[in-house]
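Subject: Structure for you to take over

Hello,

I am handing over the structure below. My notes on what was found in it follow.

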Amino acid sequence: ITATMLVCSAALALLAGRFSDRHGRRPVALGCATLLLVSSPFLLPLAHGSLLGLLSAQAVVGLAAVGLLNPTAPAELFSMPERARGLGLTVGLASALVGGSGPLVATVLISLSGSLVVIGCYVSLVSLLALAALRSWPETAFTKFSEIDHVGVDRSSFLTHGG
């Protein structure tokens with residue numbers, strides 16, 4: 001089931017990439033973070049109910065991951081000379097803080113609450129933090145790299161797109 005959903009997610013990544021090229025990276029990321037925020041508390045219990053429930057839960061997570069893990073969006077936030085260092089630092093830090101501590105946090109929360117729903121609430125909390133961060137994330141999809149200043153953000157685009 002997981003392999004099938006990964007293949008479906010790969011196909012969805014192409015569609016999400018096309019959508020983000022036309023409408024912007026920020027709306028895709030905002031929509032996917034909102035999807036996780038709203039649906040996460042229900043996904044784990046849904047996945048344990050039936051095969052259809054498992055497929056549905058994995059489809060929601062796969063769709064959200066496709067939009068949130070778009071490698072183009074964070075790359076566009078850094079200028080060419082700083083791109084590798086900026087991506088390495090931000091992706092590594094995020095992976096360590098959220099991904100690395102996730103299993104420990106989930107285990108502690110389950111042992112304290114006795115409920116699997118608490119994992120979804122944790123994912124919702126992280127999604128809420130992502131939404132707060134995305135609020136100040138400038139839209140860079142329509143900015144030429146040559147117009148991005150030394151810290152990787154076109155200030156005029158940042159101000160006009162709700163940053």
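A search of the whole structure, which is a predicted model, finds 2 salt bridges. In one, the side chains of R25 and D21 meet at 2.8 Å, N to O. R25 counts as buried because its relative accessible area is 9%, under the cut-off of 20%. D21 has a relative accessible area of 48% and is partly exposed. The other salt bridge joins the side chains of E82 and R85, at 3.2 Å, N to O. Here E82 is partly exposed, at 32% relative accessibility, while R85 is exposed, at 57%.

The largest pocket holds about 1500 Å³ of space. It is lined by 44 residues, and those closest to its centre are L68, L69, A94, V98 and V126. By type, the lining of this pocket consists of 33 nonpolar residues, 10 polar and 1 charged. At least two lining residues come from each of α2 (25-47), α3 (51-68), α4 (72-75), α5 (83-100) and α7 (117-135). The most come from α7, which supplies 10 residues to the lining of the largest pocket.

L51 is placed in helix α3, one of the helices that supply at least two residues to the lining of the largest pocket. L51 counts as exposed because its relative accessible area is 54%, over the cut-off of 50%.

Regards

Key. Residues are numbered from 1 along each chain as its sequence is written. This is a predicted model: local features need pLDDT of at least 70, side-chain atom pairs count only at pLDDT 80 or more; totals for chains, interfaces and linings use all residues. Side-chain values use heavy atoms; hydrogens and water are left out. On a 1 Å grid over the protein atoms alone, a cavity is a set of points where a 1.4 Å probe fits but cannot get out, and a pocket is an open set with protein on both sides within 12 Å along at least five of seven lines; lining residues have an atom within 4 Å of a point. Grid points are joined across faces, edges and corners, and a volume is the space filled by probe spheres set on the points. Helices (H or I, at least four residues) and strands (E, at least two) are DSSP runs, numbered from the N terminus. Ala, Val, Leu, Ile, Met, Phe, Trp, Tyr, Cys and Pro count as nonpolar, Asp, Glu, Lys and Arg as charged, and the others, Gly among them, as polar. Buried means under 20% relative accessible area, exposed over 50%, partly exposed in between (1.4 Å probe, protein chains only). A salt bridge is a side-chain nitrogen of Lys or Arg within 4 Å of a carboxyl oxygen of Asp or Glu.
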